[in-house]
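Work through the exercises below with the sequence and the structure side by side. Try each task before reading its solution.

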Amino acid sequence: MTERALRLGTRRSALAMAQSGQVAREVQRLTGRPVELVEITTYGDVSRENLAQIGGTGVFVAALREALLRGEVDFAVHSLKDLPTAQPDDLLLAAVPPREDPRDVLVARDGLTFDRLPEGARVGTGSPRRMAQLNAYAREHHTRIETVPIRGNVDTRIGYVRSGELDAVVLAAAGLNRIGRADEVTDFLSVDSVLPAPGQGALAIECAADNAELAARLAELDDPRTRVAVTAERSLLAALEAGCSAPVGALADLLGEEEVANEMRLRGVVGTTDGSTLVQLSTTGPVPTSHGDAIALGRELASEMLAKGAAGLMGERAH
């Protein structure tokens, strides 16, 4: 008797399907069991409202998590940057596979790079984090851009540029790489200028906490370096979320040679969306050797950022 197929819950977008398909093939290889994709529509996919107003990125995750808890799927694949920072007790983050390119990229008309955009260029992004840093970057270079809030999948967003409605849009490099559209990028935005969202470029594979056998198999896909980096980034985000409602960028990278990196640098930024004020700090220390160390690193940098004025940027969050 053949074992039943494992059911992988995924969002329906082309990007989600590509990411999930990739994981499905890996899991099939590891377990020898067929894996079927179960498409789940989330509130974030159908609502046209501004993301911040409907509850932030968590709106893409809730329906998948409910399907997991109801036993309709065995595991789910998320973009890690969409996961709320609080992990539910009954679900387990079983694996964080090796991270894709964490950078943001520009897709602009006429092959333009960011520094060649005309004065007042209309740049589309749905992310307050990107808006804050792009506006600050433009200011530093004595130019001005207009950030235009947009929603929608990759096709919709790039469509605004193709139709001439916008001069450029900013997207995640990882997403375009995963759907085979990296050739449409006109500029890679250096992380020295625009820090990505915490966890950007990484995937999260989640299953029910009581499914120990599946969790153990999925754990084989985990990349310890990626996990320690994103844990520090998300810890910084969680600590800042408690103290300020400004948009947060964060990136932890390992310093030194790939195989023998012994130091990790964590950078964080928080700012007003018009880019007039940014609080940017970084810390470097030994690579955390435990989950607790990675959490502590993030919290430490967050408290320094709050002390430097991050909390006051967009008003205290109402508790």
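Contact here means heavy atoms within 4.5 Å. The model is predicted, so local features need pLDDT of at least 70, side-chain atom pairs count only at pLDDT 80 or more, and totals for chains, interfaces and linings use all residues. Residues are numbered from 1 along each chain as its sequence is written, and side-chain values use heavy atoms, with hydrogens and water left out.

**Exercise 1.** Which residues does Leu301 touch, not counting residues up to four places away in sequence?

*Solution.* Leu301 touches Leu236, Leu266, Arg267, Gly268, Leu281, Ser282 and Thr283.

**Exercise 2.** At what angle do the axes of helix H8 and helix H9 cross?

*Solution.* Step 1: find H8 at residues 224-243 and H9 at residues 291-307; helices are DSSP runs (H or I, at least four residues) and strands are runs of E (at least two), numbered from the N terminus. Step 2: the axes, lines fitted to C-alpha atoms over the stretch in contact, come within 7 Å and cross at roughly 40 degrees. Step 3: that makes H8 oblique to H9, since angles under 35 degrees count as roughly parallel, over 145 as roughly antiparallel, 65 to 115 as roughly perpendicular and the rest as oblique.

**Exercise 3.** Which residues have the most contacts inside the largest nonpolar core?

*Solution.* Step 1: such a core is a set of buried (under 20% relative accessible area, 1.4 Å probe, protein chains only) Ala, Val, Leu, Ile, Met, Phe, Trp, Tyr and Cys residues joined through side-chain atoms within 4.5 Å. Step 2: the largest has 23 residues, and those with the most contacts inside it are Leu236, Leu240, Met264, Leu266, Val270, Leu301 and Met305. Step 3: H8 gives the largest share of this core, 6 residues.

Methods
Axes fitted to C-alpha atoms, helices over the stretch in contact; angles between N-to-C directions. Buried < 20%, exposed > 50% of the residue type's maximum accessible area, 1.4 Å probe, protein only.
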